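Please open the structure in your viewer and follow the stops below in order.

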Amino acid sequence: MLQINHLYKSYGKFQAVSDLSLHIPKGDLFGFVGPNGAGKTTTIRMVCGLMLPNAGTIKINGVDALANQKEIKKQIGYVPDFFGVYDNLKVREYMDFYGSMYRMHSREIAQIAGDLLELVNLSDKTEVYVDTLSRGMKQRLCVARALIHNPALLVLDEPNSGLDPRARVEMKELLLNLKSMGKTIVISSHILSELSEMCNSIGIMDHGHLVAAGRIEDVMDDVFGSNQLVVTFDEGRERAVRIANEYAGVKVTSVGEKEMKLSHSMTKQEIAGMIATMIENEVVVTGFHRQEGNLETLFMRVTENAGAQEGGNDYAESNR
Ligand SMILES: Nc1ncnc2c1ncn2[C@@H]1O[C@H](COP(=O)(O)OP(=O)(O)OP(=O)(O)O)[C@@H](O)[C@H]1O
Ligand SMILES: [Mg+2]
């Protein structure tokens, strides 16, 4: 869906984005993270055609975005990291204004705007002045506006900054809803816990370099190494440990009253088989999950040594 290859951007002598290559498949909800000044907004603005790179290519659905700006803008909805001032403009007029920028007919705009305002829960605000909306409402209105021309790719630059917890949950639900409608979504944010709850893939930038990218589980596995599994149980601790030890490639690393941790190199099927054997042997298994570092520890880990790592998977396409 979105393919970025060897992208560079400098401001004067300052290199803001350096050799960034990234491939985001259709239907992904991709979280773009990195410390302040990492180059996220710069990258996003290039993807959205608001700024030209010094070098590199950007393709959207296989179409060269830099050579076909006009066409490409129809495929992208952009929610910037600031909300302008809209004196004397009502919500409905605001949607009309953006719809007309895409040369849509007023009838079509009215219909779609109505649906979108409903989607973002602002149906009852159509006659309200935009400047009087709360910040959360403005952010949602911004998303509605970005969708007016039904783009396939939605790019949001920190849509959650300054939102209260409820507004953030609403934004998350809205984005998950859009993902389920088949949109590809790129969202930059500093709120890592939220990204890990909604995104299926991430890219981490630091000092202009993409230091890690891919499906969240894969990036976690790459960074944290061998798989860790936690098995919890109510009864049958000794049996559970004995069974785990019988599996090749399993090392029980700790045993507690009601849980044990193990590192392993098993496939998902083998894990399921091991759990089934435990249950057959009357271990009262209450749960099992992969023990993962969270996005925060991942972020701290990969931004420690910026630029030292290079991606080599589907997402980080630096080798292609
Ligand atoms: N117009 C500009 N002129 C000069 N330098 C700029 C300009 N815009 C951004 N920069 C610099 O480029 C770097 C990357 O900025 P960018 O806004 O892309 O970072 P970011 O990852 O979005 O950060 P944040 O998390 O704070 O939003 C920063 O060092 C910034 O100071
Ligand atoms: Mg930014």
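**A guided tour, starting at a strand**

Select β7 and inspect both of its faces: Leu153, Val155 and Asp157 on one side are buried, as are Leu154 and Leu156 on the other. A residue is buried if 20 or more other C-beta atoms, placed from the backbone, lie within 10 Å of its own. Because five of the five residues of β7 (residues 153-157) are buried, this strand is largely enclosed by the rest of the structure. Strands (E, at least two residues) and helices (H or I, at least four) are DSSP runs, numbered from the N terminus.

This is a predicted model, in which local features need pLDDT of at least 70, side-chain atom pairs count only at pLDDT 80 or more, and totals for chains, interfaces and linings use all residues. Residues are numbered from 1 along each chain as its sequence is written, while chains are lettered from A and ligands numbered from 1 in the order in which they are written.

Ile76 has Leu153 of β7 as its bridge partner.

Now select β8 (residues 184-188), which runs parallel to β7 and is joined to it by five bridges. Here Asp157 is partnered by Ser188 of β8.

Finally, move to ligand 1. Among the residues around it are Tyr11, Phe14, Asn36, Lys40 and Thr41, where near means a C-beta atom, placed from the backbone, within 6 Å. Helix α1 gives the most to this shell, with three residues.

Terms used. A residue is buried if 20 or more other C-beta atoms lie within 10 Å of its own, exposed if 12 or fewer, and partly exposed in between; C-beta atoms are placed from the backbone. Two strands pair if DSSP finds at least two bridges between them.
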